[in-house]
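Here's a quick briefing to read with the model open next to you.

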Amino acid sequence: MNTLELNNVELSEKTAKAVRDSSREVKSVDTLIDPVVQRLAVLNPLWRFVVDEVSYLSGDNLKATGFVVMEAGEVLGTISREYHGREYVIQISNERISKDRVRRGGYKTKDADKAILKAKKMFFKLKPTERIENSMKVAMSVIDQQKRRKDREKYDHARVVQDAAHKFIMGTGFSLFLEHIKTMAESEQNKINKARAEHDRIGEEMLTIDKVKSQFENGKTALVIKDDGKYLVKIGDAIQLYDDNTLPTDMRGKLGMLKLVEAEAFISNTGCRINDEVFVLVVEES
């Protein structure tokens, strides 16, 4: 008897569509789980065995390798072929079975009789306590999901207002903001005024960094490397070796200034001190 011909065995809508789209046909049930599905389907005519996993058999033929078992619209569990311990086994699974196992997951065996006994014992409609527990999980999931969604929507709308307010304050409304600062406590005024001054100072530093970066990337700076009392200088593709006497005056002056600052510091129209041995100098364009 072909298990797929039993009245309570069928393909899921998703599986049936995938099979049709591939122009193939599910011909049989995998030989490992076939006796389990067939026996349980015959013993429980009110159960529905819905194929939700298939695999290649031969030619254009497929075989069923996974079933969802249902009764009156409620999922009782699953029966599937799984690869475990370097071999294929039968897996009987549902939340009830998973909770009883140390590593969670389903009950696995190669013995069809044991698999049938496990399904008989563990496949039944939810008890009231189980239904309550599952409903609590679903309710909490929905509540959390909706809270996250609404928080995100609220943030998105608030961001629109904040962006518009920021644009106004930093634009035509900035003079009003400066007047508002004067009404604040002195400590708050000092804090804001200090931040404004630092913002402007860093802005000036960024202009220097951007200029050096642009010139360095375009080969328009001098890369100077101190090497045992000598200076290895690279400008574009040209490389020269200098000492204290032959180093060009402009480079010597800028190098002297950069030696006075800390590593990674920039000086406007001068360059950057990378570390104790390496410097990047802004050179005069010819």
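Helices (H or I, at least four residues) and strands (E, at least two) are DSSP runs, numbered from the N terminus. This is a predicted model, where local features need pLDDT of at least 70 and side-chain atom pairs count only at pLDDT 80 or more, while totals for chains, interfaces and linings use all residues. Residues are numbered from 1 along each chain as its sequence is written, and side-chain values use heavy atoms, with hydrogens and water left out.

**Strand S4 and its neighbours**

- Strand S4 covers residues 61–71, and nine of its eleven residues are buried (buried means under 20% relative accessible area, exposed over 50%, partly exposed in between, with a 1.4 Å probe and protein chains only).
- Strand S2 (residues 25–29) pairs with S4 in the parallel sense, over four bridges; two strands count as paired if DSSP finds at least two bridges between them.
- Within that pairing, look for Glu25, whose bridge partner in S4 is Asn61.
- Strand S3 (residues 48–58) runs antiparallel to S4, and nine bridges join them.
- Phe49 is the residue standing opposite Val69 in S4.
- S3 and S4 make a hairpin with two residues between them, and Gly59 in the turn has a positive phi of about 55 degrees.
- Strand S5 (residues 74–84) is also antiparallel to S4, with six bridges joining the two.
- Here Glu71 stands opposite Glu74 in S5.
- The S4–S5 hairpin has two residues between the strands as well, and Ala72 takes a positive phi near 55 degrees.

**Salt bridges**

- Searching the whole structure turns up 21 salt bridges, each defined as a side-chain nitrogen of Lys or Arg within 4 Å of a carboxyl oxygen of Asp or Glu.
- Glu74 meets Arg131 in one of these, at 2.8 Å from N to O.
- Glu74 sits in strand S5 and Arg131 in helix H5, so this pair ties together parts that are 57 residues apart in sequence.
- How covered are the two partners? Glu74 counts as buried at 12% relative accessibility, whereas Arg131 counts as partly exposed at 39%.
- Arg159 and Asp163 form another salt bridge, with their closest N and O atoms 3.0 Å apart.
- Both Arg159 and Asp163 belong to helix H5, four residues apart, or about one turn of the helix.
- Arg159 is partly exposed, with a relative accessible area of 38%, and Asp163 is partly exposed too, at 41%.
- Over in helix H7 (residues 186–217), Glu198 and Arg201 are three residues apart, about one turn of the helix.
- Glu198 and Arg201 form a salt bridge whose closest N and O atoms are 2.7 Å apart.
- Glu198 is partly exposed at 32% relative accessibility, and Arg201 is partly exposed at 36%.
- There's a network of salt bridges too, linking Glu95, Lys99, Glu133 and Lys137.

**A nonpolar patch**

- Phe168, Ile169, Met170 and Leu176 make a nonpolar surface patch of about 390 Å².
- Patches are made of residues with over 30% relative accessible area and no salt bridge, with like charges joined within 9 Å and nonpolar side chains (Val, Leu, Ile, Met, Phe, Trp, Tyr) within 5 Å.
- The accessible areas come from the Shrake-Rupley method with a 1.4 Å probe, and for residues only the protein chains shown count as cover.
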